[in-house]
Amino acid sequence: MKTARTVAELRAQIGEWRGAGKRIGFVPTMGNLHAGHFSLIRQARESADKVVASIFVNPSQFGPNEDFDRYPRTPDADAERLDREGCDLLFLPSVDEMYPLGVGSRVRMDVPSLTGILCGASRPGHFDGVCTVVSRLFNQVQPDVAVFGQKDYQQLAILRHMVRDLAFPIDVQGAPTSREADGLAMSSRNQYLTPEQRAVAPLIQQTLHWLAGRVAAGEGIVATLQAARARLADAGFEVDYVAVRRADLAPATEGVPEERVALAAAKLGNTRLIDNLVFVPAL
Ligand code: AMP
């Protein structure tokens, strides 16, 4: 596997591959890679000849009181594993390389119709930071295909919107959520959990299944959401939101047989966990 630390190095290698008619697949990450990330690499490989992964802990998507400084950074282990998984090029830019005019002077990208709701409501500026860095990475890598996890459902919806609206010639693919044996969605943040918190963490996914089952069977959304929130709060979660939306994140309409998604975000101590479940009501 090759490594590039500058945009110039990245472009030189990708230019060579493009000249040879290769299709480029791209998987952006913040590192501290786990099996979920590697499933994205494998999916990218299925639709591309060369796979590029990036590791960049993006300061512009962390709020002032969030975990930017303590976010786990394990570049050596990540590189070794990416190499074994068949990744062809690892892009490891510095903050200065990504934001040459300074983070504060950056050009910003935003999708205001989708970035203020759900996770965006409690993490102001987060998705603006995500769109900003992903649009830069797209411009730097110029991939044919980019793969993102459905675990970050709202992020994927926002990035699809951005790509469509700006006509990026990129096939954005979603990849299924990789889970631990007990159903907890894999996340680099799971390692912050104490053993006690780790034991109750799968309740998020169980609650989403319970919620989706009841709503799919025709129970009222508002009352069921309240009960779902109470289940999580009773188990010690500080609930940020539990929501049922249309699959495109528009408000769900009671009694309409549309594809929907149940989403939740909740904290155990200082660790914020998210998960979601797509379902169709049997109406
Ligand atoms: P991150 O490094 O956490 O920012 O994630 C990089 C990419 O991996 C994003 O597209 C995430 O949605 C995806 N991802 C993270 N966790 C998982 C998971 N458990 N299953 C599938 N994809 C994931």
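**Entry 1. Salt bridges**

I take a salt bridge to be a side-chain nitrogen of Lys or Arg within 4 Å of a carboxyl oxygen of Asp or Glu. With that rule I searched the model, which is a predicted one, and the structure returned 14 salt bridges. I then looked up the pair Asp67 and Arg189, whose side chains meet in a salt bridge at 2.9 Å, N to O. I located Asp67 in the loop between β3 (50-55) and α3 (75-84), and Arg189 in the loop between β6 (171-175) and α9 (195-200), so this pair ties together parts that are 122 residues apart in sequence.

**Entry 2. Domains**

I next consulted the domain assignment of the protein, which gives domain 1 as 2-175 and domain 2 as 188-278. To the contact, domain 1 contributes 21 residues and domain 2 contributes 18 residues. Taken over C-alpha atoms, the centres of domain 1 and domain 2 are 26 Å apart.

**Entry 3. The interface of domain 1 and domain 2**

I recorded the interface by area, since the size of an interface is often given as the accessible area lost when the parts come together. Domain 1 and domain 2 bury about 1700 Å² between them, and 54% of this is on carbon and sulfur atoms. On the side of domain 1, I found that Arg70, Leu118 and Tyr153 lose the most area to domain 2; together they account for 38% of what that side buries.

I then asked how many salt bridges the rule finds across the interface of domain 1 and domain 2. The rule finds one. For polar contacts between domain 1 and domain 2, I noted a count of nine residue pairs, both residues at pLDDT 80 or more.

I also checked which elements give two or more residues to the side of domain 1 that touches domain 2: they are α6 (119-122) and α8 (153-165). The largest share of that side, three residues, comes from α8. By class, I listed nine nonpolar, seven polar and five charged residues on the side of domain 1 that touches domain 2.

**Entry 4. The ligand**

Lastly I examined the surroundings of the ligand. There are 17 residues around the ligand, of which Met30, Gly149, Asp152, Ser178 and Met186 come nearest.

- His37 places a polar side-chain atom 3.1 Å from an oxygen atom of the ligand.
- Gly149 has a polar backbone atom 2.9 Å from an oxygen atom of the ligand.
- Ser178 has a polar backbone atom 2.8 Å from a nitrogen atom of the ligand.

How values were computed:
Residues numbered from 1 in each chain as written. Predicted model: local features only at pLDDT ≥ 70, side-chain atom pairs only at ≥ 80, totals over all residues. Heavy atoms only, no water. Domains from an automatic or database assignment. Contact = heavy atoms within 4.5 Å. Buried area = accessible area lost by both parts, 1.4 Å probe. Polar contact = N/O pair within 3.5 Å; in protein donor to acceptor, adjacent residues only side chain to side chain. Helix = DSSP H or I, 4+ residues; strand = E, 2+ residues; numbered from the N terminus. Nonpolar A, V, L, I, M, F, W, Y, C, P; charged D, E, K, R; others polar. Near = heavy atom within 4 Å.
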